Amino acid sequence: RSRAALVMAGEVEFATPEDRATELRGAAEDVMRAFLLEGATNPEDASTVEEFVREAARDEARELYMEHARTAKLGLPSPWIMDSYFESYSPLPLAFRVPAQGEGMPFVSSDLCDPSDEANRALVMALSRTLLSISERRYEHAWDQTKEMASRFLGLDPAASSYAEADTSRLDGSPAHAPSLTVRALNLLGSFHYLNGETDKSLWCLQTGRVREPAFVDTLVKLAAVHGDLDEHDASMSLLEEAQRLEPTRADVYLHRAHILLAAGDVRGAVGQLQRSRQADDASALAAATLGMALLKLDPSSPERARAMLSSAAERFPASLEVQLYYGEVLSHSGDLQGAMEAFRAALDLAPGCPLPYVNAGRAFAALNQHGRAMAHFTKALEVDASISATHVDVGQALVQAGDMGAAVEHFRTAMAKARYAPELKDALTAKAVAELQGTVEGALGVRRGEHF
């Protein structure tokens with residue numbers, strides 16, 4: 001275990017990444033054996049197994065995801081996911097206005113383009129209409145508008161499997177569009193490709209936009225988020241540092257830095273970034289919710305700060321799905337099951353099509369060893385929306401605890417198939433690998449599956 005910790009810290013050199021992964025899997029098997037022999041009661045051992053397996057699977061998960069993203073045709077996610085995505089970014093600034101002038105043609109006043117140019121004016125109007133649709137949460141319509149804009153003004157086919165061979169002549173001035181308008185159109189196109197789970201195409205759009213306007217912070221932040229999803233944390237943080245240098249008071253830069261730090265395990269650093277995000281904009285419900293959960297992770301044995309933070313956020317942002325969900329999680333962790341269920345019911349009222357209130361309630365009951373009630377809530381979550389990868393991971397883990405390893409692994413496979421984003425696939429692959437490892441070690445020890453749970 002001590003050597004594995006050094007491997008995790010990068011202090012042991014290996015000839016190949018495969019050699020490193022093999023050693024971590026061996027360490028995970030050793031800890032799993034100790035975990036089972038000691039009665040499967042040590043949560044620290046369980047966490048260590050998951051940590052080693054997750055790290056061992058990192059490269060495999062990335063390769064699987066990139067292939068999955070190229071071939072899976074997932075379509076846009078549920079509206080509540082898109083709400084959260086767009087809330088996590090500052091509204092896309094266009095730096096122009098399009099006021100209606102009587103019944104005639106709207107005119108454009110802009111710092112980005114010559115308003116007398118017909119092509120520029122048409123692109124401005126297309127961008128404005130798309131952003132209006134997003135603000136009105138008409139996401140399918142906004143995606144249709146974005147595809148039309150890409151075809152008409154950028155010369156791109158959003159239905160193509162890749163943009164690698166795309167003709168970029170329209171992006172470079174034929175016909176002439178102001179570069180800043182083209183970059184904003186690419187930004188929107190990249191956003192929708194990301195939401196569709198098309199990471200390669202999203203990266204192409206955002207990187208292409210960055211080349212044409214390196215100082216456009218919206219592109220830097222979204223590009224950083226995609227790199228963060230792919231575990232490319234150094235690239236992600238570099239982009240966010242550049243964004244912070246350009247706009248030091250911009251709240252979403254600090255919010256996304258916090259997300260990267262949380263993924264890397266630096267909870268204290270994430271708390272600092274979230275506090276700075278709230279100093280820049282204290283009207284962000286998402287930042288308040290994320291800070292509450294980060295405070296819980298920082299000190300799980302003393303959840304008072306997290307509870308106070310989310311109680312205040314629930315009063316101020318009663319219509320925030322994330323606030324209600326995270327508040328329920330903290331209440332459950334604090335032992336207030338009734339309060340947690342009230343928060344989850346409030347979340348369900350806000351988004352009846354979201355399965356997470358049932359998932360979180362199921363987790364709360366599972367933590368109390370009430371596995372029947374937990375499974376009932378997980379089953380309900382699947383009835384509400386079976387397309388969410390994380391729900392299948394939770395169901396699979398509940399089945400592992402019930403001793404039904406075969407059914408559990410099938411849910412983990414389903415979770416992998418439904419993964420929209422790289423972290424989801426990594427979670428599902430890790431859960432599947434841990435379950436299979438447990439089954440292998442139980443078989444070697446002659447332990448009946450699930451008897452420890």
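The mean pLDDT of this predicted model, pLDDT being the predictor's confidence in each residue on a scale from 0 to 100, is 87, and 89% of the residues reach 70 or more. Residues are numbered from 1 along each chain as its sequence is written. In this predicted model, local features need pLDDT of at least 70, side-chain atom pairs count only at pLDDT 80 or more, and totals for chains, interfaces and linings use all residues, while side-chain values use heavy atoms, with hydrogens and water left out.

Over residues 95–109 the pLDDT stays under 50, and the model has 28 contacts (heavy atoms within 4.5 Å) beyond four places in sequence for this stretch. The pLDDT is also below 50 over residues 449–453, a stretch with 18 contacts in the model beyond near neighbours in sequence. Where pLDDT is low, the predicted coordinates should not be read in detail.

Two packed helices are described by the angle between their axes and the distance between the axes. Helices are DSSP runs (H or I, at least four residues), numbered from the N terminus; axes are lines fitted to C-alpha atoms over the stretch in contact, and angles run from 0 to 180 degrees between N-to-C directions. Helix H10 (residues 217–229) and helix H11 (residues 233–246) have axes that come within 8 Å and cross at roughly 160°. H10 is therefore roughly antiparallel to H11 (an angle over 145 degrees). The crossing of H10 and H11 is left-handed, that is, the near helix is turned anticlockwise from the far one by less than a right angle. Residues making the contact include Leu 220, Val 221 and Ala 224 of H10 and Leu 239, Leu 240 and Ala 243 of H11. The contact residues divide into 11 nonpolar, four polar and one charged, where Ala, Val, Leu, Ile, Met, Phe, Trp, Tyr, Cys and Pro count as nonpolar, Asp, Glu, Lys and Arg as charged, and the others, Gly among them, as polar.

Helix H5 (residues 79–87) packs against helix H8 (residues 179–195) at an angle of about 140°, with the axes 11 Å apart. The contact is formed by Met 82, Tyr 85 and Phe 86 of H5 with Ser 191, Phe 192, Tyr 194 and Leu 195 of H8. Six of these residues are nonpolar, one is polar and none is charged.

The structure holds 23 salt bridges, each a side-chain nitrogen of Lys or Arg within 4 Å of a carboxyl oxygen of Asp or Glu. One of them joins Arg 184 to Glu 213, with the closest N and O atoms 3.2 Å apart. This pair links distant parts of the chain, 29 residues apart: Arg 184 lies in H8, and Glu 213 lies in the loop between helix H9 (199–212) and H10.

Notes:
Helices (H or I, at least four residues) and strands (E, at least two) are DSSP runs, numbered from the N terminus. Angles under 35 degrees count as roughly parallel, over 145 as roughly antiparallel, 65 to 115 as roughly perpendicular and the rest as oblique.
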